[in-house]
Amino acid sequence: MNDHRARAKAFFNALDLDKPIEFGVAGLVDGGLDRQLYVENIHGDGEFDLVQQLADQIDFAASAGAYLFTGNRGTGKTTELLRLAKILDDLGCEVFYIDLTEYLILTQRIEITDFLFAVLGAFSEKITARFGENPGKPGFFARVCSFLQSDVRLTEVKLPAGPMELKASLQQNPTFKEELQKKTRGLVEQIVKQARTFAGEAVEYVRDQRQDPDRKVVLIVDSVERLRGVGDSADVREVFKSAETLFASHADKLRFTGLSVVYTVPPYLSALAGGLGAYYAGGRIYTLPSVHIYQCRPASGVCPAPYALGEEKMRAIVERRYQAWRDFLSEAQLARLALSSGGDLRDYFRMLRLAITRSPMRDALALSDAVLRDTEDAVRSDMLPIAADDRAWLARIMASHKPELPSLDELPDFARLQQGKYILQYRNGDDWFDVHPLLRREVGEG
């Protein structure tokens with residue numbers, strides 16, 4: 001391999017956003033990146049630190065509560081949750097982190113029953129991994145297996161033979177999950193009671209292990225925002241609607257005595273903040289916006305102005321990962337991609353990686369503006385074509401910088417546009433929205 005190609009490969013691999021930055025709390029994640037790569041205050045100025053605010057709420061509260069945290073994939077949400085864990089750990093809390101994709105299928109509708117099975121089962125496993133034995137004896141997955149065998153009769157699938165089979169079925173078997181939901185809808189109160197009993201026993205177990213009867217125990221549940229349907233629009237709407245039902249209608253069932261829980265939720269639920277946030281501790285949904293790369297909300301009909309400090313921080317994110325980036329790009333070119341991403345880190349890294357793979361085809365490492373245009377076009381093409389009704393909606397958002405949500409019945413469609421990154425959310429000055437920069441011309445010309 002020649003030096004040219006080796007350097008391009010090193011730069012490419014330094015921009016792997018699927019590996020979160022971790023902050024040194026033992027037992028939370030494996031394979032995280034060094035905390036020295038973290039750039040502070042990329043989502044706002046020093047006075048606005050959403051994660052510190054959430055940590056303070058948990059620390060100050062005399063009793064445990066449930067909290068909601070959201071942000072699109074690409075905003076650095078998992079890294080910020082791991083930073084939250086570090087802050088809480090420094091405050092003397094016992095913190096556990098779970099990635100729900102390892103425990104539950106997130107491309108199907110979700111219900112309170114399978115959600116509780118997965119969350120409490122994961123919590124049980126994390127405690128076992130940390131302390132060497134199941135809290136409560138038996139662990140939660142074993143309790144669920146016993147419950148299913150005695151109280152639930154599945155007709156289309158077999159009952160799992162044991163805890164490991166149950167975990168695998170929840171995470172990998174769509175037919176099992178659907179059948180389980182049907183058969184447990186009349187048993188919700190029993191399942192909630194079992195979940196609360198186990199949570200209480202688990203908290204006491206952790207406190208006994210630490211010999212601290214007042215120790216705060218915190219569970220961070222990540223990746224719930226990845227809930228999405230596949231296939232036709234009716235399926236997509238059903239999944240998004242199930243998320244709204246879970247967190248709005250069952251808010252009281254997601255709280256546990258002695259256990260503070262931070263749930264990630266789909267970002268479109270922030271449109272319900274006035275009604276939904278009031279049901280949760282903190283009285284709000286903690287929403288992680290796209291990177292602060294624009295000035296405050298512009299006047300209606302005006303494109304947002306670039307924010308020099310935000311561009312500088314986007315540059316620092318790259319520089320900490322690969323110091324020799326200037327061999328490939330000028331500062332103006334890097335700023336161009338930062339603005340084209342709209343502050344979405346995933347799209348930013350995606351365009352950089354697409355551009356870098358073109359470097360070995362050239363006689364020099366430096367990339368041309370034509371290559372950058374091609375990478376922007378490649379990312380843009382993934383969001384095209386735009387349906388006429390979506391285009392009209394996006395045009396209204398681009399003009400007003402508000403959600404322009406006609407009614408709550410349209411929340412699933414708003415969710416689809418947010419998840420597809422047609423819409424990006426910002427918070428500087430106040431909360432505001434804009435169309436993805438790569439789509440502004442398409443929407444404006446529509």
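1. The charged end of Arg-353 lies over the ring of Phe-12, at 4.0 Å from the ring centre. A charge sits over a ring if NZ of Lys or CZ of Arg is within 6 Å of the ring centre and within 35 degrees of the ring normal. Arg-130 is likewise placed over the ring of Phe-96, with its charged end 4.0 Å from the centre.

2. The model is predicted: local features need pLDDT of at least 70 and side-chain atom pairs pLDDT 80 or more, whereas totals for chains, interfaces and linings use all residues. Residues are numbered from 1 along each chain as its sequence is written, and side-chain values use heavy atoms, with hydrogens and water left out.

3. The structure holds 17 aromatic pairs (rings of Phe, Tyr and Trp, the last by its six-membered ring, with centres within 6.5 Å; planes under 30 degrees apart are stacked, over 60 edge-to-face, the rest tilted). One of them, Tyr-103 with Phe-141, is stacked, at 6.4 Å centre to centre and 20° between the planes. Tyr-103 belongs to the loop between E2 and helix H4 (112-131) and Phe-141 to helix H5 (residues 140-151), so the pair ties together parts 38 residues apart in sequence. Helices (H or I, at least four residues) and strands (E, at least two) are DSSP runs, numbered from the N terminus. Both Tyr-103 and Phe-141 are buried (under 20% relative accessible area, 1.4 Å probe, protein chains only).

4. The Phe-414 and Phe-433 pair is edge-to-face, because the planes stand at 70°, with ring centres 5.9 Å apart. Phe-414 counts as buried at 1% relative accessibility, and Phe-433 at 8%.

5. The largest pocket contains about 680 Å³ of space. A pocket is an open set of points on a 1 Å grid over the protein atoms alone, where a 1.4 Å probe fits, with protein on both sides within 12 Å along at least five of seven lines; lining residues have an atom within 4 Å of a point. Of its 39 lining residues, Asp-18, Lys-19, Pro-20, Thr-78 and Thr-79 are the closest to the centre. H3 gives the most to this lining, with four residues.

6. The second largest pocket has a volume of about 420 Å³. Among its 19 lining residues, those closest to the centre are Arg-73, Glu-225, Arg-226, Arg-228 and Gln-419.

7. The buried residues of H14 include Val-371, Leu-372 and Glu-376.

Notes
Points joined across faces, edges and corners; volume = space filled by probe spheres on them. Buried < 20%, exposed > 50% of the residue type's maximum accessible area, 1.4 Å probe, protein only.
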